[in-house]
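Here is a colleague's note for someone opening this structure for the first time. Please keep the sequence and the model in view while reading the numbered points.

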Amino acid sequence: KLVPAMIERGFGRVVNLASNAGVSGYAYTSGYCASKHAMVGYTRALAIDLAKTGVTINAVCPGWVDTDMVKTAVDRIADKTGRSGEEARSSLAKMTPQGRIITPEEVAHLVYSLCVDEARAIHGQALVIDGGQILK
């Protein structure tokens with residue numbers, strides 16, 4: 001219902017939240033990767049349909065973000081490997097060249113940046129925010 005209203009108004013921003021797993025792939029997470037690839041594909045396909053409407057659509061693709069999902073992953077890694085929680089968390093942070101986990105505020109800033117009028121030419125993109133993780 002929102003997108004038709006945006007089209008009628010001639011302005012709108014849709015930002016889908018995917019994952020860097022939507023532009024890459026990771027072992028033992030085929031279902032998760034497939035769902036995130038689907039979100040990126042959906043975003044790109046819909047972008048073609050919306051191109052001349054004033055509505056933009058993009059996907060934000062974060063890596064590890066300091067959320068409950070990271071806490072769950074840290075607990076799972078610690079449980080399966082016998083490492084401490086700090087060692088498990090450090091192993092996730094080391095997956096990025098920056099050696100850190102992304103903050104929710106960084107993701108929110110990217111989303112906000114896509115919503116302003118000046119972002120009208122950013123359309124149909126999968127924007128990765130992961131500290132360079134998929135570059136490794």
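1. Asn20 counts as buried because its relative accessibility is 4%, where buried means under 20% relative accessible area, exposed over 50% and partly exposed in between (1.4 Å probe, protein chains only). Asn20 sits in the loop between E1 and helix H2 (30-50); helices (H or I, at least four residues) and strands (E, at least two) are DSSP runs, numbered from the N terminus.

2. This is a predicted model, in which local features need pLDDT of at least 70 and side-chain atom pairs count only at pLDDT 80 or more, while totals for chains, interfaces and linings use all residues. Residues are numbered from 1 along each chain as its sequence is written, and side-chain values use heavy atoms, with hydrogens and water left out.

3. Not counting residues up to four places away in sequence, Asn20 touches Tyr26, Cys61, Pro62, Gly63, Val128, Asp130, Gln133 and Ile134, contact meaning heavy atoms within 4.5 Å. With one of these, Gln133, the side chain of Asn20 makes a polar contact of 3.2 Å (a pair of N or O atoms within 3.5 Å; within protein, one must be able to donate a hydrogen and the other to accept it, and residues adjacent in sequence count only if both atoms are side-chain atoms).

4. Gly63 belongs to the loop between E2 and H3 and is likewise buried, with a relative accessible area of 17%. Leaving aside neighbours within four places in sequence, Gly63 is in contact with Asn20, Ile129, Asp130 and Gln133.

5. The strands form an open sheet of three, in the order E1-E2-E3 and with parallel pairing, where two strands pair if DSSP finds at least two bridges between them. Strand E1 (12-17) and strand E3 (126-129) are the edges, each pairing on one side only. Six bridges join E1 to strand E2 (residues 55-62), with Gly12 opposite Val55 and Arg13 opposite Thr56. Four bridges join E2 to E3, and Ala59 has Ala126 as its bridge partner in E3.

6. How many of the residues of E2 are buried? Eight of its eight residues are buried, so that the strand is mostly covered, buried being defined by the cut-off above. In a regular strand the side chains alternate between the two faces of the sheet. In E2, Val55, Ile57, Ala59 and Cys61 point one way, whereas Thr56, Asn58, Val60 and Pro62 point the other way. From E1 the chain crosses through H2 to E2 in a β-α-β crossover that is right-handed, a term used if, with the strands pointing away from the viewer, the path from the first strand over the helix to the second runs clockwise.

7. Helix H5 (residues 104-115) lies across E1, E2 and E3, running at about 165° to E2; axes are lines fitted to C-alpha atoms, for helices over the stretch in contact, and angles run from 0 to 180 degrees between N-to-C directions.

8. The largest nonpolar core has nine residues, among them Val70, Ala73, Ile77, Leu92 and Ile101, such a core being a set of buried Ala, Val, Leu, Ile, Met, Phe, Trp, Tyr and Cys residues joined through side-chain atoms within 4.5 Å. Helix H3 (68-81) and helix H4 (85-93) are the elements that give two or more residues to this core, and its largest share, five residues, comes from H3.
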